[in-house]
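The following note records points for review on the model shown below. Please read the points alongside the coordinates.

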Amino acid sequence: MTQDVAILDFGSGKITALIGQRGLNNTFIINGKGEADYDGFCDGEFFKPEQLPLAIHHALNAAETMAKVKIDKLYVGVPGDFTICVCKDIERTFGDNKHKISSKDVDALHQQGNTFTDPAYKLINVQPIYYTLSNERRLIEPVGLMSSKLKGHISYLLAEINFVDTVETILKGFEINEIEFVSGILSEVLFLFEETKRDQYVVLIDVGYITTSVAVARGDGLLSLHSFSLGGGNITGDLATFFKISFAEAETLKRKVVLTLSMESDDYYMVSEKYPAANVNEIVAYRVGNIAKTVQKCLDMCDYVIPENVTFSLTGGGLSYIRGAKEILADKLSRKVEVVAPRIPQMENPAWSSSLGLLDLAINIQDSQKKGFFAKLFKK
């Protein structure tokens, strides 16, 4: 019988807890869901850490009540803002004779590269970009093949220990027997893109409410990960400041914006009152362009050359719903940009990418641990 899996997802404006299991055709059965708004984080720091215990309690309690279960094991997603990515080339030799590579050999290769000693970070995921055999053939799955050596380009993801310690301290009061931290951005990449697409290159731009993460990925791992403190909430703030209105009014106004239309002086968006559409569009377009410029700075810090034909992917609940935003991103980044979202009925919304990605990864971890095969691909 399939068991429920529980995840806790820290968005930049909302905490989400899900309890669920794998459904038919690789869908999900969500048995429990809980959400709690909070002030979020910026530059690796929570704005109001004193809010966290209550927000986490609301999210977990609602999910447990809905599912009618007590969470025994919880997978916690570490946001990109609290994560660093390090890639290494690792090599193991087996002598002159050909050796049949086992999962233990792969695990040993991963561990060989685990030389991280900085107490400010905790290793949470080890993922292969690709492996190479003695014939220089690149591949994703080396187990069972014959070779005199095994090389790997391996991605290591580390979480800031302050995030880990803060969350663990809060969760001690929930009587959860086991807590496992995993990368939220990694889970999105593995969930949203098929293996064939990841075997080339993937560029994922996850724009949240107040933070954005930019990941370059290949194979089963991340090559580069950078985050910055700009998101959909900044657009709301810009509108609220310019028109001297409440955030709630500004948020509603933002969701009416169509940037692909050329607005005349007598065009208006109607909320509780009329707002000149040309002014609104100018404000929103400027901030979207500002986000695009910062995304480009993140990509400039990537050590890998992204092929010209790679389409950039936009997800998250901060920008993807604004009509015309992806076109501005595409223009500023000189790349084609597409909006990506979970291919799950009734959940085909970019805002669900992070939470469902975590649930998908958590279920895969559970399954791999039960099977006892290659589980180390998904955990430290």
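1. S187 counts as buried, at 1% relative accessibility; buried here means under 20% relative accessible area, exposed over 50%, and partly exposed in between, with a 1.4 Å probe and protein chains only. S187 belongs to helix α4, which covers residues 184-192. Helices are DSSP runs of H or I of at least four residues and strands are runs of E of at least two, numbered from the N terminus.

2. This is a predicted model, in which local features need pLDDT of at least 70 and side-chain atom pairs count only at pLDDT 80 or more, while totals for chains, interfaces and linings use all residues. Residues are numbered from 1 along each chain as its sequence is written, and side-chain values use heavy atoms, with hydrogens and water left out.

3. Which residues does S187 touch, leaving aside those up to four places away in sequence? They are S354, G357, L358 and L361, a contact being heavy atoms within 4.5 Å. As for L299, 112 residues from S187 along the chain, the C-alpha atoms of the two are separated by 20 Å.

4. T132 lies in strand β9, residues 121-133. With a relative accessible area of 7%, T132 is buried. Residues up to four places away in sequence aside, T132 touches R137, R138, K149, L150 and K151.

5. In helix α3, formed by residues 161-171, the buried residues include F163, V164, V167, I170 and L171. They lie on the same side of α3, because the arc they cover around the axis is only 140°; the arc is that of the directions from the helix axis to the C-beta atoms. An α-helix has 3.6 residues a turn, so residues three or four places apart point the same way. N162 and T169 are exposed, on the face of α3 turned away from its buried side.

6. The protein chain as a whole contains 10 helices and 20 strands. Its radius of gyration is 22 Å, close to the 21 Å given by the globule rule for 380 residues, so the chain is as compact as a globular protein of that length. The radius is taken over C-alpha atoms, and the rule is 2.2 Å times the number of residues to the power 0.38. Along its principal axes the C-alpha trace spans about 80 × 50 × 40 Å.

7. Of the 380 residues of the protein chain, 54% count as buried. Among contacts with a separation of 6 or more, 66% are between residues 24 or more positions apart.
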